[in-house]
Amino acid sequence: MLKNWMRRFHEYAAHPDRARRLLIFVALLIVSNQPFYPLYIVWIAGRPGWITLLTFLSAPFFFAVPAVARRNSALGRVLLCVAGTLNTLLAVWLLGVASGVGLLYLPCLLIGTTLFAPSEKAAMAICVALPAAAYFSIDGPADVFTAGQYAALVKLHAVSAGALIVLIGYRLTAAFAAKSKLPT
């Protein structure tokens with residue numbers, strides 16, 4: 001049964017187009033890490049961290065990205081940017097700006113600026129404007145956690161944002177190298 005499930009998951013994640021594979025990889029990476037996020041927050045900040053279970057509300061949108069991208073690549077990319085932005089906005093609202101969770105807008109901006117063709121300026125504009133507007137739109141609660149907890153949360157979110165940026169950059173570099181026949 002597990003083998004069958006894994007086979008079906010790999011089929012769902014597979015795509016012959018490198019750009020869509022990157023998009024699918026990022027979406028499924030995020031959704032696969034979502035169950036652990038509240039656990040990290042609770043481990044760092046204690047019981048108030050359980051509120052981050054609400055971030056699971058975005059999981060169906062991330063999981064839908066591969067299906068949407070198969071039908072319409074640009075719409076799949078927009079969905080990933082919107083889901084990431086709204087998930088981050090929700091986390092900022094739950095944890096506050098001082099938690100550093102707003103750093104996760106950076107991978108959204110990276111996706112918005114690198115995964116669209118020059119002919120897709122409207123979609124790119126949406127995917128850049130949305131996280132930028134979200135960043136300035138909400139503060140979230142203040143003084144929910146101690147200074148030490150906030151410092152640990154900032155480290156967690158900085159590592160998460162940095163890891164996503166590095167993985168996206170690595171995958172983009174590999175895609176560009178293959179497309180231009182550069183040595184890999």
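These exercises walk through one predicted protein model, each with a worked solution.

Residues are numbered from 1 along each chain as its sequence is written. In this predicted model, local features need pLDDT of at least 70 and side-chain atom pairs count only at pLDDT 80 or more, while totals for chains, interfaces and linings use all residues, and side-chain values use heavy atoms, with hydrogens and water left out.

**Exercise 1. The overall fold**

Task: State how many helices and strands the protein has, then check its radius of gyration against that of a compact globule.

Solution: 
- Step 1. Count the elements. The protein has eight helices and zero strands. Helices (H or I, at least four residues) and strands (E, at least two) are DSSP runs, numbered from the N terminus.
- Step 2. Read along the sequence. The pattern is α-α-α-α-α-α-α-α.
- Step 3. Apply the globule rule: 2.2 Å times the number of residues to the power 0.38, with the radius of gyration taken over C-alpha atoms. For 184 residues, a compact globule would come near 16 Å; the protein has 17 Å, which agrees.
- Step 4. Along the principal axes, the C-alpha atoms fill roughly 50 × 45 × 30 Å.
- Step 5. Look at the contacts (heavy atoms within 4.5 Å). Of those with a separation of 6 or more, 70% join residues 24 or more positions apart.

**Exercise 2. A polar pair**

Task: Find which side chain makes a polar contact with that of Asn87, and decide whether Asn87 is buried or exposed.

Solution: 
- Step 1. Locate Asn87. This residue lies in helix α5 (residues 73-95).
- Step 2. Use the cut-offs: buried is under 20% relative accessible area, exposed over 50%, partly exposed in between (1.4 Å probe, protein chains only). Asn87 has 16%, so Asn87 is buried.
- Step 3. Find the partner. The side chain of Asn87 makes a polar contact with the side chain of Ser58, at 3.0 Å. A polar contact is a pair of N or O atoms within 3.5 Å; within protein, one must be able to donate a hydrogen and the other to accept it, and residues adjacent in sequence count only if both atoms are side-chain atoms.
- Step 4. Ser58 is buried, at 8%.
- Step 5. List the neighbours, leaving aside residues within four places in sequence. Asn87 is in contact with Gln34, Thr55, Ser58 and Phe62. Ser58 touches Gln34 and Asn87.

**Exercise 3. Aromatic rings**

Task: State how many aromatic pairs there are, and classify the pair of Tyr135 and Phe136.

Solution: 
- Step 1. Recall the rule. Rings of Phe, Tyr and Trp (its six-membered ring) pair if their centres lie within 6.5 Å; planes under 30 degrees apart count as stacked, over 60 as edge-to-face and the rest as tilted.
- Step 2. Search the whole structure. There are three aromatic pairs.
- Step 3. Classify. The ring centres of Tyr135 and Phe136 are 4.9 Å apart and the planes stand at 85 degrees, so this pair is edge-to-face.
- Step 4. Take another pair. Phe145 and Tyr150 are also edge-to-face, at 5.4 Å centre to centre and 80 degrees between the planes.
- Step 5. Check the surroundings. Tyr135 and Phe136 are exposed. Phe145 is buried at 7%, and Tyr150 is buried at 9%.
- Step 6. Look for a cluster. Ring pairs link Tyr105, Tyr135 and Phe136.
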